[in-house]
Amino acid sequence: MNASSLRTAVLAGTAFAALASAPALAEPGFDLTIGGDAYFQGAYIRQQQDDGLRSREFANRYRLVVTPSATADNGLTYGARLRIVAGNGDPTVSTRDIENDRAFLFANGAFGTVQAGVINGLSDEYGIIGPNVEGVAGSPDSNGILFLNGSTTFAALPLAATSLRTLIAYDTGTKLVYITPSVGGLSVAVSYMPRSGDFNTSVNRRKTDALGDALSFRDVVEAGAAFLTEVGDFTVEGSAFYANGKAVRQTDGVANQSFEDLNSVHVGANVGYGPVKVGASYAYSGDSGYADGLAQTRAQQNWIFGAQYTAGPLLFAANYLRALGNDGATMTTPSKADIWQGGVTWTVAPGFTTGLEYDYVRSTLQAGGPGGGDLNDRAHILMLDTRLAF
């Protein structure tokens, strides 16, 4: 989500903490807003490392957003938001379970916005990754490369190929968030998450995990700012965020495994003029999350460059992503990926789009091939992406 979305979120934000600072003078009725989005994607895939794999696949997701809210006589807006998801975004899991990836309270007033509950990280919500965001065919956030799942290539991709902003900004663990009012188009924000992967009513105060558990971070703080200005047909927007946290040590009572702490930064900017917009972003997470004592490490980072052009109901997009780091599956072996994308999105009717996207993926896993050589892959993905937003 970009900086303009930040101003929208400030009007529809989150959390009970601010209610005490601005007591309501009346008890108005609540308005109930229901919205959401859905997509269906179909892809044709050709790649070198495709033994035992089909070349055609489908994927879909449906999200429903429910927001009760009210405004008091003193101008305080408060409420809660729930987003229910059918489809958890993980291509390795086939499930019909329904889950929530948002469940938070909010309050908004002259003091800014406070949010509290299950919500994604600040840079995931407001960090700019170039002009091509999710929903645009040709976006690095379009999920096209998820169709590589099942191949050795997908597990070998660096985490920075799919985690595009600060390293765990996608984590929706319970948080407390504060966003300042916008001043001259600039808003500043900070969040605190006691522990990653800890949601809803879960209470997990442990400082250590069992040996072999999934990696977690504790006491995660993310802070940053987003900016937007418009002068005539020109628009300039930018964002910068930094996340820090302690890695949770693992033990079985005898053996111990420690990990590198979280230190991750993301910056991005877009410039637009009329129907044209160009932008770029950079994320750096270094050795964050790597097990101590690894023989080989490659600093986690990515560069994104994108451009788009709008002509009536058509939006043309092009994008390049370079990702470096250790492999996302084991985080033990250096890998890299270069991803070129292009697409066109057609707005069929308000809230209804369909797009055609082409992705070319070139990847290398160091010493991951037979005989100890590098495991190289070249993949072509042609994807039809149809979406509804309401």
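This is a predicted model: local features need pLDDT of at least 70, side-chain atom pairs count only at pLDDT 80 or more; totals for chains, interfaces and linings use all residues.
## Around Phe-154

Setting aside neighbours within four places in sequence, Phe-154 touches Pro-91, Thr-92, Ile-145, Leu-146, Leu-148 and Asn-149, where contact means heavy atoms within 4.5 Å. Residues are numbered from 1 along each chain as its sequence is written, and side-chain values use heavy atoms, with hydrogens and water left out.

Phe-154 sits in helix 3, residues 152-156; helices are DSSP runs of H or I with at least four residues, strands are E runs of at least two, and both are numbered from the N terminus. Phe-154 counts as buried because its relative accessibility is 16%. The cut-offs here are under 20% relative accessible area for buried and over 50% for exposed, with partly exposed in between (1.4 Å probe, protein chains only). In sequence, Phe-154 and His-380 are 226 residues apart, yet C-alpha to C-alpha they are 13 Å apart in space.

## A nonpolar surface patch

Over on the surface, a nonpolar patch includes Leu-186, Phe-227, Val-236, Val-271 and Phe-316, and the whole patch has about 1,000 Å² of accessible area. Such a patch takes nonpolar side chains (Val, Leu, Ile, Met, Phe, Trp, Tyr) joined within 5 Å, from residues with over 30% relative accessible area and no salt bridge (a Lys or Arg side-chain nitrogen within 4 Å of an Asp or Glu carboxyl oxygen). Areas are Shrake-Rupley values with a 1.4 Å probe.

Strands 7 (186-195), 9 (217-231), 10 (234-247), 13 (262-273) and 14 (276-286) each supply at least two patch residues. Val-271 belongs to strand 13, and it is partly exposed because its relative accessible area is 40%.

## Cavities and a pocket

Both kinds of space come from a 1 Å grid over the protein atoms alone: in a cavity a 1.4 Å probe fits but cannot get out, while a pocket is an open set with protein on both sides within 12 Å along at least five of seven lines, and lining residues have an atom within 4 Å of a point. Points are joined across faces, edges and corners, and volume is the space filled by probe spheres set on them.

There are four cavities of 30 Å³ or more. The largest has a volume of about 70 Å³, and its lining includes Lys-175, Met-193 and Glu-222. Strand 7 and strand 9 each give two or more residues to that lining.

The second largest pocket holds about 760 Å³. Of its 30 lining residues, Glu-57, Phe-58, Ala-59, Pro-91 and Phe-147 are closest to its centre. Strand 2 gives the most to this lining, with six residues.

Key
Patches are made of residues with over 30% relative accessible area and no salt bridge: like charges are joined within 9 Å, nonpolar side chains (Val, Leu, Ile, Met, Phe, Trp, Tyr) within 5 Å.
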